[in-house]
Amino acid sequence: MAQEPIRALGLMSGGLDSTLAAHLVQSLGVEVLGLHFSTGFCVADRHRLLGNFNNRDKPYRNDALHAGAQLEVPIEIVDIKEDYLPEVVLDPKYGYGQGMNPCIDCRIFMLARAREMMRERGFHFVFTGEVLGQRPMSQRRPPMHTIESEAGLVGYLLRPLSAQLLEPTVPEREGWIDRDRLFGFSGRSRKPQMELAERFGLVDYPQPAGGCCFLPDENYARKLRDLLAHRGTEVDPDDMMLLKVGRHFRLGDDVKIIVGRHESENDYLERFREGRGAAWVEDFSSPLTLIEGRPSADELELACRITARYSAGRAEASLPVRWNMGPREGQLRVEPVQEDSLLEPLRI
Amino acid sequence: MGEREEFRRQVHGSRAADELDRLADGAAERIDALGTFCPEPLIRTQEAARGMSGGQILLLIADDAGVEVDIPAWCMSHGHEYLGTLREERRLRVLVRLRS
């Protein structure tokens with residue numbers, strides 16, 4: 001009778017480490033399914049929404065899918081956006097990194113989901129491409145233990161790139177995986193991984209440490225902190241999407257505007273007009289400005305003046321700016337804001 | 001078929017537009033993902049594929065240009081056959097035959 005195949009779930013970002021881990025585990029005779037978690041904070045998703053092309057004039061790709069194609073490992077996209085925001089981003093038990101990146105809670109959340117899938121679908125273990133000591137927040141020994149334990153995966157979480165530096169896991173102890181063929185990588189250098197990629201014949205992978213998540217980005221984090229300070233936890237995934245584009249200005253405690261920087265950002269912002277006000281200049285090339293909150297007349301006028309400043313008519317003494325706030329709409333002739341001293345304190 | 005040629009077929013599809021048109025008309029599942037962006041078209045595609053049988057054809061309609069690179073990769077990783085893409089300005093119709 002044929003022996004039951006050993007099956008593992010791998011967390012796949014599509015970066016070098018997770019690609020190497022999947023290739024390694026697969027090469028040891030394990031059937032692999034790659035899980036790619038969609039959090040709503042992916043940098044490539046923003047490029048796709050903006051219709052941007054990369055420096056090879058191609059649309060930005062989903063790296064996990066391309067790693068899967070290269071390795072012939074099936075990839076499943078797991079949409080976690082709805083729960084990820086309230087459960088991970090807004091209230092992380094283990095806090096944030098340098099930006100608003102709750103890396104430890106993020107790993108726990110994803111691995112706990114993987115554990116559920118492992119049990120429901122009869123997989124034997126879970127693996128990741130984590131390397132001991134590579135990232136300051138989540139890839140040190142103590143947090144790695146915490147992550148494993150809180151995700152409910154004690155003994156069932158294999159980190160094949162650093163396995164020889166870690167306690168043997170169930171897959172190693174049971175002989176499902178030959179521990180001697182795993183690695184003992186540690187530290188921040190990517191050189192060993194790049195050498196291993198060459199040995200494996202993997203040539204098409206994203207630049208190591210490129211990062212796909214907005215949350216560690218200081219610009220994004222500043223806007224997110226501002227939003228949380230003014231709206232508390234009353235935010236949704238659309239609010240997160242809007243933090244990825246445009247110039248953001250806070251005009252009042254509950255009033256914020258987002259000014260498109262170019263046509264593709266205007267198109268992006270256009271998708272989020274429902275439930276928000278807008279302003280734009282009709283007679284010149286103009287940004288679309290989204291207005292959030294309930295502006296006073298002075299605040300709405302200032303939104304129109306800022307919109308005029310970023311239009312092609314900024315040198316005019318005054319400009320007519322169209323605006324709407326729900327059912328109310330009109331046109332206001334305003335002077336484009338000229339003084340940086342007025343604008344900069346408002347910029348988020 | 002040579003290895004390289006087979007690879008190109010997997011990545012780019014190999015069907016003529018009129019054949020793709022015919023296949024689109026007979027698709028067992030039609031997914032409208034217009035106005036959605038990565039990863040939503042992929043999520044809808046994988047959901048639809050779960051309810052389909054091997055050999056059936058799935059038609060994805062999308063305007064996220066990235067589906068033209070992601071769907072062939074998804075097909076390669078799952079062993080499905082990427083049949084090709086019909087382009088009508090920004091609207092893309094992508095055809096996949098599920099593996100048997």
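This is a predicted model: local features need pLDDT of at least 70, side-chain atom pairs count only at pLDDT 80 or more; totals for chains, interfaces and linings use all residues.

User: What makes B:R50 and A:E76 a salt bridge?

Analyst: The cut-off is a Lys or Arg side-chain nitrogen within 4 Å of an Asp or Glu carboxyl oxygen. For B:R50 and A:E76 the closest N and O atoms are 3.0 Å apart, so the pair qualifies as a salt bridge. The count between chain A and chain B is 1 salt bridge, alongside 7 residue pairs in polar contact.

User: Which elements of chain A make up the side that touches chain B?

Analyst: α2 (43-50), α3 (63-71) and β3 (75-79) of chain A each bring at least two residues to that side. By type, the residues there split into 10 nonpolar, 4 polar and 8 charged.

User: How do you know how big the interface between chain A and chain B is?

Analyst: Interface size is often quoted as the accessible area lost when the parts come together. Here chain A and chain B bury about 1800 Å² between them, with 59% of that on carbon and sulfur atoms. On chain A's side, A:R48, A:L65 and A:I77 supply 32% of the area it buries against chain B, more than any other three residues. As for who takes part, the contact draws 22 residues from chain A and 20 residues from chain B.

User: Why is A:A278 called buried?

Analyst: The label needs a relative accessible area under 20%. A:A278 comes in at 0%, so it counts as buried. Across chain A, buried residues make up 57% of the 348 residues.

User: Where does A:A278 sit, and what is it in contact with?

Analyst: A:A278 belongs to strand β8 (residues 277-281) of chain A. Setting aside neighbours within four places in sequence, A:A278 is in contact with A:R273, A:L288, A:T289, A:I291, A:R322, A:W323 and A:N324. A:G133, by comparison, is 145 residues from A:A278 in sequence and 47 Å from it in space, C-alpha to C-alpha.

User: And what does chain A come to in secondary structure and in its box?

Analyst: Chain A has 13 helices and 11 strands, and its C-alpha atoms fill a box of roughly 80 × 40 × 35 Å along the principal axes. Of the chain A contacts between residues at least 6 apart in sequence, 64% join residues at least 24 apart. The accessible surface of chain A is about 16100 Å², and 46% of that belongs to carbon and sulfur atoms.

Key: Residues are numbered from 1 along each chain as its sequence is written. Chains are lettered from A and ligands numbered from 1 in the order in which they are written. Side-chain values use heavy atoms; hydrogens and water are left out. Contact means heavy atoms within 4.5 Å. Buried area is the accessible area (1.4 Å probe) that two parts lose on being put together, summed over both. A polar contact is a pair of N or O atoms within 3.5 Å; within protein, one must be able to donate a hydrogen and the other to accept it, and residues adjacent in sequence count only if both atoms are side-chain atoms. Helices (H or I, at least four residues) and strands (E, at least two) are DSSP runs, numbered from the N terminus. Ala, Val, Leu, Ile, Met, Phe, Trp, Tyr, Cys and Pro count as nonpolar, Asp, Glu, Lys and Arg as charged, and the others, Gly among them, as polar. Buried means under 20% relative accessible area, exposed over 50%, partly exposed in between (1.4 Å probe, protein chains only). Accessible areas come from the Shrake-Rupley method with a 1.4 Å probe; for residues, only the protein chains shown count as cover.
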